[in-house]
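Work through the following exercises with the sequence and the structure at hand. Each task is followed by a solution in steps.

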Amino acid sequence: MLEYLELLAREAAAVEFEGPLVAARSAGLPPGHLAELEQAKVVALRVRALLERRRRREEELSGLFDTASDLAGLRDVDAVLAAIVHRARTLLGADVAYMTLNDETRGDTYMRVTDGSISARFQALRLPMGAGLGGLVAQTGSPYVTADYPGDARFRHTGDIDAGVSEEGLVAILGVPLRLGSRIIGVLYAANRSARPFAREEVSLLVSLAANAAVAIDTARLLGETQAALEELSAANGVIRAHSDSVERAAAAHDRMTALVLRGAGVEDVAAVVVEVLGGSLLVLDAENRRLALVGELAQPDPSAVAEALAASRTEGRSVRRGELWVAAVVAGAENLGALVLRPDRALVDADQRILERAAVVTALLQLFRRTVAEAEGRVRGELLDDVITRPVRDADALRARAKRLGVDLDAPNVVVAIGADALAGGSIRQRAVSWAQTYAQTRAGLAAARDGHVVLLLPGEAPGAAARLVARDLGKLLGRPVTAGAGGPATAPEGIAAAYRDADRCVTALTALGRTGTGAGTAELGFVGLLLGSAPDGRDRDVRSFLDTAIGPVVDYDARRGTALVKTLEAYFGVGGSLARAAEVLHVHVNTVTQRLERIGQLLGADWQKPERALEVQLALRLHRLQTS
């Protein structure tokens, strides 16, 4: 197995992972060892693929952050657009990337920026409106991809375009719109000189880069308009100054929001910047219309009104006004991540709307980053807890070191809470419970994981019963159904925690068997049942089977061999306080029948079975027997 770790450590190619298996076959190792190596290879390749996806995602986020930084310091729009096109080519691994813009004066489209192009004819192309793949993108406002441009009949071909594409040698082309509000101003492309598919993530990435390019073009347009107004409309100096101030305010706000992203700030920090710049109150909602942050005073708007405004904002690609509120959709590609709802103190100009829209983009980046980090940390914490409660515990010192890096102290008193599987039926319900448990445990310096049909939490503390009741109450409110939680501990060290998990597992099973669903308790709170269910002080399981065999084993065996009801008779007899008549009523038999059965029980258990000491053991054994057979 060490060979695969070494291959992962040096980032070996996928084909090299076959090496250890080939060597093992050549050495004539047994089939069992070969099967283990095959499984290890599969797992290692999965880890390699995951690391590669994460590396690529980091590169994409880094590219977006670099683009945002370029926009914050925008001075030369040509340089920014060239950087965006270059990043598109690099991040997508394309042979060529280029951008076309619409020329409203001439009524056609021209090539603005290219990267990786080798054909002068291609670089100088001017396209009629509506022609080529770009015409299809501009008409529909949606991304389009073709795996075979020369043979694709979905769009209108022209001789000039086909000749330029042919001279460049392009085969597969992806195009996404450059959108300003509801208007398409151009198209951003990534192309290959051989057939290749473009994944959905690559389309989303190119859409994000196109949005940044549109912001750069629009910001340059605003700066140009302001400069022209200053030169040509000296009489309207007051209006021009207000417009210039709004542009500077937008640039300053964008600088501040970019700085927030770079230093790892939160959504509430972005909201505070928007309110500081624009005034008023701002509410940040997540995808399920729940509040993430609120700056100022603003009541929760009607969900249906928010949904309508969000749909309009996504369609138009900018913020929309509804009464006194402005709404900007927080999206990543086609995924809805929430909304910004602003109630300004004054009328907003275009640049102010851009501030709100840029805040929505920054909020989306922060949420995606936080979600990625949270998912990774949740998996790490879950894997650690799974290793801790696995018996026998291997390498306790290594577990302590891993826990310390996560802020968890395994040598301090901890309790283990197991959530009953009855409350977790359904994939979405189970996933919500796991997500809640991870957040709940992490905020308390604990761990959470899904194991053996349960959701398990490790929480600092010395009161297992109280912890189980809190978990049952809070998770029950979230899921809208009763939740049963059993707890074990307190325990210290990995070995003790593993034993506490077994106690918690038995405890939740006992609560369900005793009809106490929807409640939480610790093993100690179940009385004698808890003592017998729990682990011994040295961490070994108590010998419950031996106790049952000694206390009521002969009666259970007699019922099994002859089909009698002596166990049921004992339960009824003790249940009515030792009254023969009432026991007969419960069993729906004659009193003489009860007497005869009790005589038979006396023959099996001994004449002293009704003495207080023996009677207590028999009743406890009956309860444990019922738990085991439920």
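**Exercise 1.** Determine whether aspartate 108 is buried or exposed in this predicted model, and describe its surroundings.

*Solution.*
Step 1. The relative accessibility of aspartate 108 is 11%. Buried means under 20%, so aspartate 108 counts as buried.
Step 2. Aspartate 108 belongs to strand β2, which covers residues 108–115.
Step 3. Beyond its neighbours within four places in sequence, aspartate 108 contacts Leu101, Asn102, Asp103, Arg126, Leu127, Pro128 and Met129.
Step 4. With arginine 126, there is a polar contact between the two side chains, at 3.0 Å.

**Exercise 2.** Describe how helices α20 and α21 are arranged relative to each other, and classify the residues of their contact.

*Solution.*
Step 1. Two packed helices are described by the angle and the distance between their axes.
Step 2. For α20 (residues 580–587) and α21 (residues 591–605), the axes come within 8 Å and cross at roughly 105°.
Step 3. Angles of 65 to 115 degrees count as roughly perpendicular, and therefore α20 is roughly perpendicular to α21.
Step 4. On α20 the contact involves Leu580, Ala581, Ala583, Ala584 and Leu587, and on α21 Val591, Val594, Thr595, Arg597 and Leu598.
Step 5. Sorted by class, this contact has 8 nonpolar, 1 polar and 1 charged residues.

**Exercise 3.** State the confidence of the chain and of residues 534–542.

*Solution.*
Step 1. The chain has a mean pLDDT of 79, with 82% of its residues at 70 or more.
Step 2. Across residues 534–542 the pLDDT is below 50, and the stretch has 18 contacts in the model beyond near neighbours in sequence.
Step 3. Where pLDDT is low, predicted coordinates should not be read in detail.

Methods
Residues are numbered from 1 along each chain as its sequence is written. This is a predicted model: local features need pLDDT of at least 70, side-chain atom pairs count only at pLDDT 80 or more; totals for chains, interfaces and linings use all residues. Side-chain values use heavy atoms; hydrogens and water are left out. Axes are lines fitted to C-alpha atoms, for helices over the stretch in contact, and angles run from 0 to 180 degrees between N-to-C directions. Helices (H or I, at least four residues) and strands (E, at least two) are DSSP runs, numbered from the N terminus. Angles under 35 degrees count as roughly parallel, over 145 as roughly antiparallel, 65 to 115 as roughly perpendicular and the rest as oblique. Contact means heavy atoms within 4.5 Å. Ala, Val, Leu, Ile, Met, Phe, Trp, Tyr, Cys and Pro count as nonpolar, Asp, Glu, Lys and Arg as charged, and the others, Gly among them, as polar. pLDDT is the predictor's confidence in each residue, from 0 to 100. Buried means under 20% relative accessible area, exposed over 50%, partly exposed in between (1.4 Å probe, protein chains only). A polar contact is a pair of N or O atoms within 3.5 Å; within protein, one must be able to donate a hydrogen and the other to accept it, and residues adjacent in sequence count only if both atoms are side-chain atoms.
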